[in-house]
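Subject: Structure handover

Hi,

Here is the structure I promised to pass on. My notes follow below it.

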Amino acid sequence: MKLGTYISHKIGYHRSKNVWFWLFTLPATIGFIFFVVYPVIRSLYLSFTDMTLLAPDEAKFVGFKNYASFFSGMDPLFWLSLKNTFIFAFMNVAFTIVFALLVALLLNNNLKGKNIFRTIFFIPSLLPAVASAIMFRWFFDPSNGVVNSLLRLVGMSSPPIWLESAQTALLTLVIISVYGFGGKMIIFMTGLNSISESYYEAAEIDGAGYWTKLFKITLPLLSPIIFYNILMGTIGALQVFTEGFVISGSGPGNSTLFYVLRLYNMAYKQPFRLGQASAMAWLLFIIIGFITLIYFLVSKKYVFYQDGGE
Amino acid sequence: MTYVENKHMKNSNYYLKKRLTLGTLYFLIIILGISMLLPLIILISTSLKSYEEMLMFPTTLLPKNITFEAFITVFRDNPFFRYLGNTAIITLFTVIGSVFTSAFVAYGFVRFKVRGAKLLFGLFISGMLIPGQILIIPMFELYNRMGWINSFLPFIIPPLFGGGIFNIFLQRQFMRGISREVFESAEIDGASELSIFIKIALPMNKPVLITIAIFTFLNSWNDLFGPLIYLDDPELWTLAKGTYMIYQNAIGELGATGGTILPWNILSAANVLVSIPIIILYFFAQKHFMEGVKLTGSKES
């Protein structure tokens with residue numbers, strides 16, 4: 001209190017506002033410099049060197065060599081990890097969004113026990129990724145996992161071997177990832193809740209049935225939220241790590257080697273190739289930025305904003 | 001409205017039809033609900049089985065003889081309480097740091113409209129676009145040079161500086177809703193800025209504080225990536241990393257002994273132990289979880 005009055009008296013009201021502003025925002029300014037500005041510049045620099053943590057003094061400037069090495073075809077694992085990640089992201093987003101939307105629409109029918117069901121669908125998405133990964137690794141165990149036990153019980157003599165086959169491992173990870181659809185479902189439910197009853201009443205007077213209302217009112221009004229979920233879902237799925245890392249590592253024949261898993265192996269394992277990994281991280285940023293841009297361009301055509309825009 | 005109802009009344013099949021669709025809806029939702037719950041039920045049930053019973057085929061949904069053997073083994077063979085303690089320390093510091101510093105900074109932005117404030121805020125927001133993978137590599141290098149690897153410092157120091165840009169954004173959004181007169185009248189009464197922040201802004205921002213606390217807790221509790229790269233020393237492992245290592249060691253042992261089946265009952269027990277605090281938290285703060293999902297979009301990524 002004394003400090004406050006002192007500052008005000010000493011330097012006048014307006015300048016004291018300025019001092020207070022910079023004082024209060026100081027922690028974030030320092031944080032921004034140390035944890036954003038510094039690492040951005042440093043990693044950009046690193047991406048043009050062959051820096052490793054084990055021999056930092058021998059690092060040389062190598063120009064675009066790190067970036068070029070990914071595209072030269074000398075690094076087949078790079079393309080494989082990119083392909084795996086894209087396939088995973090596409091299927092994960094498609095299934096998760098459709099599933100979350102369908103369940104949200106189901107629950108939107110004023111069912112009894114709506115809150116209980118909401119809880120049941122939401123809780124799995126809160127589980128620690130490690131726990132649900134280990135759990136599913138076991139469920140899909142080819143010999144004594146629950147899934148194949150059930151399949152044998154219903155008469156399938158040679159059920160798929162899921163995570164142990166290069167053909168099915170990636171798909172199995174997608175199936176597992178859909179289990180965490182609850183968060184997106186909640187967002188859809190909030191969106192559905194905010195659609196005004198009056199639209200439906202007006203449509204009913206015009207004799208619209210359930211499907212007409214769904215396609216002419218609900219989905220158009222929900223489209224910004226669908227778009228948001230798809231965008232955030234894609235950005236998240238492109239950075240998938242824990243699921244693949246715990247459940248299958250890089251999988252049989254590297255069939256579940258994801259982009260960030262490869263980046264992790266590069267940067268944080270001997271000999272800690274920070275330079276190359278930084279280049280990989282920046283490429284990921286460019287890929288994400290590019291996809292985001294495409295999404296926004298496409299969305300202009302399909303996303304409907306109630307207030308007319310932006 | 002009455003017109004609509006009358007029209008429906010005329011249709012004698014209407015109520016039958018409606019009941020049928022409702023029946024289908026309940027059927028669908030219950031089937032879905034069961035399939036969502038089933039993995040959790042099997043997880044808990046397996047954790048209560050003995051190794052022998054776990055091996056039996058066909059598997060039973062519920063254990064015939066409930067035994068806590070798996071839980072006892074988890075605690076006997078692993079310093080699980082240490083993992084819990086480490087996780088608690090990291091989580092506690094991260095949550096407190098994030099919640100209060102982000103409120104502190106947000107107060108600065110809301111209360112003092114000075115020149116450059118918008119620019120600074122825009123700069124902060126642009127920082128959110130940079131993916132973590134880019135930022136972590138130089139920080140890993142720096143922490144390594146500073147001797148912070150194998151300490152909790154990489155976890156608890158950064159949140160003290162701003163508490164996360166997104167959290168500042170949330171706090172600011174909510175704090176803007178507080179009438180300026182509230183602050184101004186406190187100022188006229190001679191309250192200092194610090195006491196206006198502590199006695200007025202903080203309490204009024206309570207809903208956001210709780211939401212941020214919950215989601216910071218979740219992220220910190222579930223984090224595997226951080227402990228994987230910063231914590232090699234087993235003394236410092238968190239629950240997430242500890243559980244992962246229990247699983248890795250079980251696979252290693254299996255390779256060494258030439259066995260084929262992992263001790264899933266023990267792994268399930270570890271999974272149950274890691275997950276329980278989160279489930280309990282959910283039931284205590286359900287409302288805030290929902291608010292949080294709405295505000296933050298989604299938990300993961």
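**Chain contact**

The contact between the chains takes 77 residues from chain B and 76 residues from chain A. Keep in mind that this is a predicted model. On the side of chain B that touches chain A, helix α2 (residues 14-47) of chain B gives the largest share, with 11 residues. By class, that side of chain B has 54 nonpolar, 18 polar and 5 charged residues.

**Nonpolar core**

The largest nonpolar core has 133 residues. Which of them touch the most other members? They are A:V130, A:I134, A:M185, B:Y107 and B:I137. The largest share of this core comes from α5(B), with 12 residues.

**Helix packing in chain B**

Helix α5 (residues 80-111) of chain B packs against helix α11 (residues 193-204) of chain B. The angle is about 100°, and the axes are 11 Å apart. Angles of 65 to 115 degrees count as roughly perpendicular, so α5(B) is roughly perpendicular to α11(B). On the α5(B) side, the contact is made by B:A103, B:F104 and B:Y107. On the α11(B) side, B:F197, B:A201 and B:L202 make the contact. By class, this contact has 6 nonpolar residues, no polar and no charged ones.

**Helix α7 of chain B**

Helix α7 (residues 132-146) of chain B has 15 residues. From first C-alpha to last, α7(B) reaches 20 Å, close to the 21 Å expected at 1.5 Å a residue. The buried residues in α7(B) are B:Q133, B:I134, B:I136, B:I137, B:P138, B:M139, B:F140 and B:E141. Just after α7(B), B:G147 takes a positive phi of about 75°.

**One residue in chain A**

A:I286 lies in helix α14 (residues 274-302) of chain A. Is A:I286 buried or exposed? A:I286 counts as exposed, because A:I286 has 10 C-beta neighbours inside 10 Å and the cut-off for exposed is 12 or fewer. A:I286 and A:A237 are 49 residues apart along the chain, and their C-alpha atoms are separated by 15 Å.

Best wishes

Notes. Residues are numbered from 1 along each chain as its sequence is written. Chains are lettered from A and ligands numbered from 1 in the order in which they are written. This is a predicted model: local features need pLDDT of at least 70, side-chain atom pairs count only at pLDDT 80 or more; totals for chains, interfaces and linings use all residues. Axes are lines fitted to C-alpha atoms, for helices over the stretch in contact, and angles run from 0 to 180 degrees between N-to-C directions. Helices (H or I, at least four residues) and strands (E, at least two) are DSSP runs, numbered from the N terminus. Angles under 35 degrees count as roughly parallel, over 145 as roughly antiparallel, 65 to 115 as roughly perpendicular and the rest as oblique. Two residues are in contact if their C-beta atoms, placed from the backbone, lie within 7 Å. Ala, Val, Leu, Ile, Met, Phe, Trp, Tyr, Cys and Pro count as nonpolar, Asp, Glu, Lys and Arg as charged, and the others, Gly among them, as polar. A nonpolar core is a set of buried Ala, Val, Leu, Ile, Met, Phe, Trp, Tyr and Cys residues joined through C-beta atoms within 7 Å. A residue is buried if 20 or more other C-beta atoms lie within 10 Å of its own, exposed if 12 or fewer, and partly exposed in between; C-beta atoms are placed from the backbone. The expected span of a helix is 1.5 Å times one less than its number of residues.
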